[in-house]
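Colleague: Can you walk me through this one? Start with the terms, please.

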Amino acid sequence: MSKVEDFLTREEEQEIVEAIRMAEENTSGEIRVHIEKTTSKVPFDRALEVFYELRMNETQLQNGVLFYFAVDDKNFVICGDKGINDLVTNDFWDCTKDVMTNHFKAGNFKQGIVDGILNAGEQLKKYFPSSEDNKNELSNEISKG
(Lines give C-alpha, C1' and ligand atoms only; values in the text may rest on other atoms or scores of the structure.)
Protein backbone atom coordinates (compact mmCIF):
# COMPACT_ATOMS: atom_id res chain seq x y z
CA MET A 1 0.00 0.00 0.00
CA SER A 2 1.55 3.26 -1.07
CA LYS A 3 -0.48 5.87 0.79
CA VAL A 4 -3.18 6.05 3.39
CA GLU A 5 -5.50 7.56 0.75
CA ASP A 6 -5.41 4.23 -1.13
CA PHE A 7 -6.83 2.30 1.85
CA LEU A 8 -10.44 3.29 1.12
CA THR A 9 -12.15 4.74 -1.92
CA ARG A 10 -13.95 8.08 -1.64
CA GLU A 11 -17.27 6.19 -1.80
CA GLU A 12 -16.18 3.86 1.02
CA GLU A 13 -15.15 6.84 3.13
CA GLN A 14 -18.58 8.39 2.59
CA GLU A 15 -20.23 5.14 3.69
CA ILE A 16 -18.15 5.23 6.88
CA VAL A 17 -19.09 8.87 7.55
CA GLU A 18 -22.76 7.91 7.06
CA ALA A 19 -22.33 4.99 9.50
CA ILE A 20 -20.98 7.46 12.08
CA ARG A 21 -23.99 9.73 11.54
CA MET A 22 -26.37 6.77 11.91
CA ALA A 23 -24.62 5.42 15.00
CA GLU A 24 -24.70 8.85 16.66
CA GLU A 25 -28.45 9.27 16.03
CA ASN A 26 -29.33 7.11 19.06
CA THR A 27 -26.56 8.11 21.44
CA SER A 28 -24.92 11.23 22.81
CA GLY A 29 -21.60 9.42 22.26
CA GLU A 30 -19.21 10.82 19.66
CA ILE A 31 -17.39 8.57 17.19
CA ARG A 32 -14.33 9.42 15.10
CA VAL A 33 -12.19 7.41 12.67
CA HIS A 34 -8.49 8.15 12.17
CA ILE A 35 -6.39 6.39 9.55
CA GLU A 36 -2.65 6.61 9.10
CA LYS A 37 -0.06 4.57 7.27
CA THR A 38 2.10 3.44 10.16
CA THR A 39 3.23 4.30 13.66
CA SER A 40 6.52 3.81 15.43
CA LYS A 41 4.69 3.85 18.76
CA VAL A 42 2.67 1.22 20.57
CA PRO A 43 -0.66 1.43 18.68
CA PHE A 44 -2.72 2.12 21.82
CA ASP A 45 -0.34 4.93 22.83
CA ARG A 46 -0.58 6.47 19.37
CA ALA A 47 -4.39 6.14 19.44
CA LEU A 48 -4.47 8.04 22.74
CA GLU A 49 -2.26 10.74 21.24
CA VAL A 50 -4.62 11.11 18.27
CA PHE A 51 -7.60 11.09 20.65
CA TYR A 52 -6.22 14.22 22.34
CA GLU A 53 -5.06 15.82 19.06
CA LEU A 54 -8.64 15.54 17.79
CA ARG A 55 -9.84 17.06 21.09
CA MET A 56 -12.07 14.07 21.69
CA ASN A 57 -11.52 14.45 25.43
CA GLU A 58 -13.51 17.70 25.37
CA THR A 59 -16.99 16.24 24.88
CA GLN A 60 -19.48 17.22 27.55
CA LEU A 61 -20.07 13.68 28.84
CA GLN A 62 -16.56 12.39 28.10
CA ASN A 63 -18.08 9.81 25.79
CA GLY A 64 -15.96 10.00 22.66
CA VAL A 65 -14.78 6.86 20.88
CA LEU A 66 -11.87 6.73 18.45
CA PHE A 67 -11.36 4.00 15.87
CA TYR A 68 -7.64 4.25 15.11
CA PHE A 69 -6.02 2.43 12.17
CA ALA A 70 -2.34 2.04 11.24
CA VAL A 71 -2.96 0.33 7.90
CA ASP A 72 0.54 -0.79 6.90
CA ASP A 73 1.07 -2.17 10.42
CA LYS A 74 -2.29 -3.99 10.24
CA ASN A 75 -3.20 -2.58 13.64
CA PHE A 76 -6.34 -0.98 14.96
CA VAL A 77 -7.43 0.29 18.35
CA ILE A 78 -10.80 1.31 19.75
CA CYS A 79 -10.26 3.96 22.38
CA GLY A 80 -13.02 5.32 24.62
CA ASP A 81 -12.98 8.38 26.88
CA LYS A 82 -13.17 8.42 30.67
CA GLY A 83 -16.96 8.78 30.81
CA ILE A 84 -17.33 5.48 28.96
CA ASN A 85 -14.50 3.65 30.69
CA ASP A 86 -15.87 4.57 34.12
CA LEU A 87 -19.15 2.78 33.33
CA VAL A 88 -18.26 -0.27 31.27
CA THR A 89 -16.39 -3.53 31.82
CA ASN A 90 -12.84 -3.98 30.53
CA ASP A 91 -14.04 -6.25 27.70
CA PHE A 92 -16.68 -3.73 26.56
CA TRP A 93 -15.18 -3.26 23.07
CA ASP A 94 -14.31 -6.93 22.48
CA CYS A 95 -17.50 -7.75 20.56
CA THR A 96 -16.95 -4.71 18.33
CA LYS A 97 -13.33 -5.70 17.71
CA ASP A 98 -14.38 -9.28 16.89
CA VAL A 99 -16.95 -8.14 14.31
CA MET A 100 -14.33 -5.92 12.68
CA THR A 101 -11.54 -8.50 12.75
CA ASN A 102 -13.69 -11.09 10.98
CA HIS A 103 -14.34 -8.65 8.13
CA PHE A 104 -10.69 -7.56 7.98
CA LYS A 105 -9.47 -11.17 7.70
CA ALA A 106 -11.71 -11.52 4.64
CA GLY A 107 -10.34 -8.27 3.16
CA ASN A 108 -13.58 -6.35 3.75
CA PHE A 109 -12.07 -3.29 5.42
CA LYS A 110 -14.85 -0.80 4.72
CA GLN A 111 -17.56 -3.19 5.90
CA GLY A 112 -15.55 -4.03 9.02
CA ILE A 113 -15.26 -0.36 9.91
CA VAL A 114 -18.95 0.33 9.17
CA ASP A 115 -20.11 -2.65 11.23
CA GLY A 116 -17.74 -1.69 14.06
CA ILE A 117 -19.11 1.85 14.14
CA LEU A 118 -22.73 0.69 14.11
CA ASN A 119 -21.96 -1.85 16.86
CA ALA A 120 -20.27 0.88 18.92
CA GLY A 121 -23.35 3.07 18.50
CA GLU A 122 -25.55 0.27 19.81
CA GLN A 123 -23.26 -0.27 22.78
CA LEU A 124 -23.05 3.45 23.58
CA LYS A 125 -26.83 3.84 23.38
CA LYS A 126 -27.16 1.66 26.52
CA TYR A 127 -25.06 4.04 28.60
CA PHE A 128 -25.43 7.33 26.72
CA PRO A 129 -28.87 7.50 25.11
CA SER A 130 -29.64 10.38 22.81
CA SER A 131 -31.48 13.36 24.26
CA GLU A 132 -33.51 16.16 22.70
CA ASP A 133 -30.67 18.64 23.07
CA ASN A 134 -28.10 16.17 21.72
CA LYS A 135 -25.71 17.98 19.41
CA ASN A 136 -22.89 16.69 17.28
CA GLU A 137 -19.83 17.85 19.21
CA LEU A 138 -17.19 16.35 16.90
CA SER A 139 -16.79 16.10 13.14
CA ASN A 140 -17.89 12.84 11.52
CA GLU A 141 -15.22 13.19 8.83
CA ILE A 142 -12.37 10.68 8.72
CA SER A 143 -9.07 12.21 9.83
CA LYS A 144 -5.78 11.04 8.37
CA GLY A 145 -2.22 11.13 9.63
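Modeller: Two strands pair if DSSP finds at least two bridges between them. Helices (H or I, at least four residues) and strands (E, at least two) are DSSP runs, numbered from the N terminus. This is a predicted model: local features need pLDDT of at least 70, side-chain atom pairs pLDDT 80 or more, while totals for chains, interfaces and linings use all residues. Residues are numbered from 1 along each chain as its sequence is written, and side-chain values use heavy atoms, without hydrogens and water.

Colleague: Which residue in strand 3 is the bridge partner of Leu66?

Modeller: Cys79. Six bridges join strand 2 to strand 3 (residues 75-80), and the two run antiparallel.

Colleague: What sits between strand 2 and strand 3?

Modeller: Four residues, making a hairpin. Lys74 in the turn has a positive phi of about 55 degrees.

Colleague: And how does strand 1 run against strand 2, parallel or antiparallel?

Modeller: Parallel, with seven bridges joining strand 1 (residues 30-36) to strand 2. Glu30 has Gly64 as its bridge partner there. From strand 1 the chain passes through helix 2 (residues 43-53) to strand 2, a right-handed β-α-β crossover. Right-handed means that, with the strands pointing away from the viewer, the path from the first strand over the helix to the second runs clockwise.

Colleague: Why is strand 2 described as largely enclosed?

Modeller: Because seven of the seven residues of strand 2 (residues 64-70) are buried, meaning under 20% relative accessible area with a 1.4 Å probe, protein chains only. Gly64, Leu66, Tyr68 and Ala70 point one way. Val65, Phe67 and Phe69 point the other way.

Methods:
Buried < 20%, exposed > 50% of the residue type's maximum accessible area, 1.4 Å probe, protein only.
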